[in-house]
Amino acid sequence: MEKPFPEMKNDLILRAARGEETERVPVWIMRQAGRYLPEFRKVSAEYDFFTICRTPELATKVTIQPIDRYDGLLDAAIIFSDILVVPQALGIEVVMLPGKGPHFPNPIVDPEDMHRRLKEKVDVHEDLQYVFDALTMTRHALNGRVPLIGFAGGPWTLMTYMVEGAEKAKGWIHKYPEESQELLQRITDVIVDYLVGQVRAGAQMLQVFESFGGDLGPDDFDRLSLPYLTQIVERVKYELGSDAVPMTIFAKGSFYALDSLSSIGYDTVSLNWTIDPEDAIEIAQGRVTLQGNLEPSVLLGSDQEIEVETEKMVRRFGSSTRYIANLGHGILPSVRLEAVDVFLRTVHRVGRRSVAE
Ligand code: CP3
């Protein structure tokens, strides 16, 4: 018999994602476990990036670091991993160059190369079981303090990496339109199994990072991203039951797609800073919870500036909006530890709600 997971002490973010009332605006930070934390740098000086991802004890430790440091201030943990574990599972090598970022030594050069090298059948329980194990271990270790978020990259974003960048990916869609759709489909199929497996392993909320969405214009987004993002939410919810787990879509920079993204089944839409809260609220019409969207570099400013800008953001999203506070993209590595504290405390102060308003 598997051990049951600990009872939740704080489920604010799950309720906010489902559109239920909350006594306070929940808050977390994209990329909250990572390079701005000295305790993370210590672990990453000792172990290679993907070794941390593949070792459940290390992934658990690093996932919980920000929860411990900002004790009581963060309303979610996000599992320590990377969107690029899916290309790895498909058979494409990825290395993480310290201080530089991901590198693909042998990107896919053309459709023939794709057909030759992409793994025909990916069994996520074979190739990505280590992520599931990390989720289960972390969920226990969190002891119900906050919900645990699982994630995957969006198909367009992963394709961009796998063929070596935006220019090549755009070349593909014009040179090989059919094979591009095939590649996107094959990536999507793995993502679906992967996200379902994450929930079965203990993830309580899921986020899809279509980080390169904004590289696509509206028409291309509708052809190359939206159909796959739709499949992902529909198939994951079909497998697990529609109420099993709230799902968030973050299509960075695709502000033009907010209306469609609000209508395909995701519970939450994460926004970057290129859209005004008022416009987002108007377009979303209460169909989804909005998440975001402080410009991450605000956290490089003074405590006072952080407080002013964060307060402005929370007030603009307003007390009647379905809302989760966050940055508009990942936290920058040079952010001061104190800056994070100021951001979180400001959301707690300004985001208090009288439930019966
Ligand atoms: O949020 C978290 O703290 C959980 C862990 C997490 C990482 N990557 C760890 C990481 C998450 C959610 C991701 C997602 C991810 N990875 C995305 C989508 C989010 C986004 O930022 O748009 C993307 C595009 C990647 C690919 C990736 N991985 C890049 C571009 C880089 C290098 C630049 C950077 O932001 O650090 C990584 C490396 C990476 N992934 C690090 C961490 C903690 C830094 C590793 C190091 O240098 O020590």
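**View 1. Phe-212 lies in the loop between β5 (205-210) and α12.** This is a predicted model. Phe-212 counts as buried, because it has 23 C-beta neighbours inside 10 Å. Leaving aside residues up to four places away in sequence, Phe-212 touches Trp-156, Thr-157, Thr-160 and Ala-166. In sequence, Phe-212 and Gly-154 are 58 residues apart. In space, their C-alpha atoms are 8.5 Å apart.

**View 2. Helix α10 (residues 166-175) has a buried side and an exposed one.** Its buried residues are Ala-169, Trp-172 and Ile-173. Seen down the axis of α10, these buried residues fall within an arc of 95 degrees, so they line one face of the helix. What covers them? The cover includes α9 (155-162), α11 and α12 (218-224). The face turned away from the buried side carries Glu-167, His-174 and Lys-175, which are exposed.

**View 3. Seven strands form an open sheet.** Their order is β1-β4-β5-β6-β7-β8-β9, and the pairing is parallel. Which strands sit at the edges? They are β1 (77-78) and β9 (323-327), and each pairs on one side only. Strands of a sheet pair through backbone hydrogen bonds, either parallel or antiparallel.

**View 4. Strand β6 (residues 247-251) is mostly covered.** Five of its five residues are buried. Met-247, Ile-249 and Ala-251 point one way. Thr-248 and Phe-250 point the other way. In a regular strand the side chains alternate between the two faces of the sheet. Now turn to the partners of β6. Five bridges join β5 to β6, and the two run parallel. Here Gln-207 stands opposite Thr-248. Three bridges join β6 to β7 (residues 268-270), again in parallel. Phe-250 has Ser-270 as its bridge partner in β7.

**View 5. Strand β8 (residues 289-294) pairs with β9 in the parallel sense.** Five bridges link β8 and β9. Leu-290 stands opposite Tyr-323 in β9. Asn-293 also belongs to β8. The peptide bond from Gly-292 to Asn-293 is cis, with omega near -15 degrees.

**View 6. Asn-143 and Gln-285 each have a positive phi without being glycine.** Most residues other than glycine have a negative phi, and most peptide bonds are trans. Asn-143 has a phi of about 55 degrees. Its place is the loop between α8 (129-142) and β4 (148-153). Asn-143 is partly exposed, because 13 other C-beta atoms lie within 10 Å. Phi of Gln-285 is near 50 degrees. Gln-285 is found in the loop between α15 (277-284) and β8. Is Gln-285 buried or exposed? It counts as exposed, because it has 10 C-beta neighbours inside 10 Å.

**View 7. The largest nonpolar core has 114 residues.** Val-86 and Leu-195 have the most contacts inside this core. Helix α11 (residues 177-201) gives the core its largest share, 11 residues. Leu-195 touches Gly-150, Ala-152, Leu-206, Ile-232 and Val-236, not counting residues up to four places away in sequence. In soluble globular proteins, nonpolar side chains tend to be buried together.

**View 8. A shell of 24 residues surrounds the ligand.** Which residues are the closest? They are Ala-33, Gly-34, Gly-101, Phe-209 and Ser-211. By class, the shell has 12 nonpolar, eight polar and four charged residues.

Definitions and conventions
Residues numbered from 1 in each chain as written. Predicted model: local features only at pLDDT ≥ 70, side-chain atom pairs only at ≥ 80, totals over all residues. Near = placed C-beta within 6 Å. Nonpolar A, V, L, I, M, F, W, Y, C, P; charged D, E, K, R; others polar. Core = buried A, V, L, I, M, F, W, Y, C linked by C-beta atoms within 7 Å. Buried ≥ 20, exposed ≤ 12 C-beta atoms within 10 Å, placed from the backbone. Helix = DSSP H or I, 4+ residues; strand = E, 2+ residues; numbered from the N terminus. Contact = placed C-beta atoms within 7 Å. Arc of directions from axis to C-beta. Pairing = 2+ DSSP bridges.
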